[in-house]
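Here is a short note to read with the structure open beside you. Take the points in order and find each named residue as you go.

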Amino acid sequence: SSADADAEVVAVIYQTFKNLGVNKFLIRINNRKILAGLPAFAGFAEKKLTEVLRIIDKKEKIGETSVKKELTKLVKAKSCGKIMEFLEIAGDTKAKILKARELFRGNKQAEEGINELIEIARTLNAYGVDQKNWEIDFSTARGLEYYTGPVFETELTDAKELGSVASGGRYDNLMVPFTGQKIPTTGGSIGVDRLFSALEKLGLIKKKGTAGK
């Protein structure tokens, strides 16, 4: 249940790419608990959160202007402004954490998510995971509803058009329907087909012919 476990998964993904000879990649980390605090922070109905997150998660692809345009169709202008204020948080890890704490002060669920990000950052630094290969990105949402805490996505800097090549997060409630109890669970996976396409494009692997075999 510790955030150390989430950090360990991220560290394994990091080391996997390093072992493959891929150095230009970025692991973007967020926490669904912070995103779950958006309705209270921005003043919109809880039932709209899923759609809001769907729009937020497209920020990397469509840009802030398009995100704002889509949000104005879903929530009031004041709420949209608050959401954009959150998404525009910038700076290094410390600066982002301090600004998020300021915005969500008194929002218990969001504060819990922020504290988990702090623990993940500390652990990644302790593991020696290079800061140039990971960052906190509050627009990273992950579309699947079963995520309950930290989430992450990985993109290759020189092959961004392929999207995320590794992703994951925490999903503590996933086993409840099968076991009747909450079991702390976190993990990640690599999109093998997408990764191989990227490795081929980057010249890190080459296809071999199979004629006559």
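1. Lining residues have an atom within 4 Å of a point. Grid points are joined across faces, edges and corners, and a volume is the space filled by probe spheres set on the points.

2. Please keep in mind that this is a predicted model, in which local features need pLDDT of at least 70 and side-chain atom pairs count only at pLDDT 80 or more, while totals for chains, interfaces and linings use all residues. Residues are numbered from 1 along each chain as its sequence is written, and side-chain values use heavy atoms, with hydrogens and water left out.

3. The structure has 1 cavity of 30 Å³ or more, and the largest cavity holds about 40 Å³ of space. Its lining consists of D6, V9, V10, I29, I120, P150, V151, F152, G169 and T186. Both α1 and β3 give two or more residues to this lining (helices, H or I, at least four residues, and strands, E, at least two, are DSSP runs numbered from the N terminus). By class, 7 of the lining residues are nonpolar, 2 polar and 1 charged (Ala, Val, Leu, Ile, Met, Phe, Trp, Tyr, Cys and Pro count as nonpolar, Asp, Glu, Lys and Arg as charged, and the others, Gly among them, as polar).

4. Now look at the largest pocket, with a volume of about 290 Å³. Among its 14 lining residues, R28, D57, K61, E153 and S164 are the closest to its centre. Which classes make up this lining? There are 11 charged residues, 3 polar and no nonpolar ones. At least two lining residues come from each of α5 (59-72) and β3 (150-156).

5. The second largest pocket has a volume of about 180 Å³. Residues including T93, R101, N125 and W134 line this pocket. Helix α7 supplies the largest share of the lining, 5 residues. The class count here is 5 nonpolar, 3 polar and 3 charged.

6. Finally, the largest nonpolar core has 56 residues, and L38 and F86 have the most contacts inside it (a nonpolar core is a set of buried Ala, Val, Leu, Ile, Met, Phe, Trp, Tyr and Cys residues joined through side-chain atoms within 4.5 Å; buried means under 20% relative accessible area, with a 1.4 Å probe and protein chains only). Helix α1 (residues 3-19) gives this core its largest share, 8 residues.

Notes:
1 Å grid on protein atoms, 1.4 Å probe; cavity = no way out; pocket = protein on both sides within 12 Å on 5 of 7 lines; lining within 4 Å. Buried < 20%, exposed > 50% of the residue type's maximum accessible area, 1.4 Å probe, protein only.
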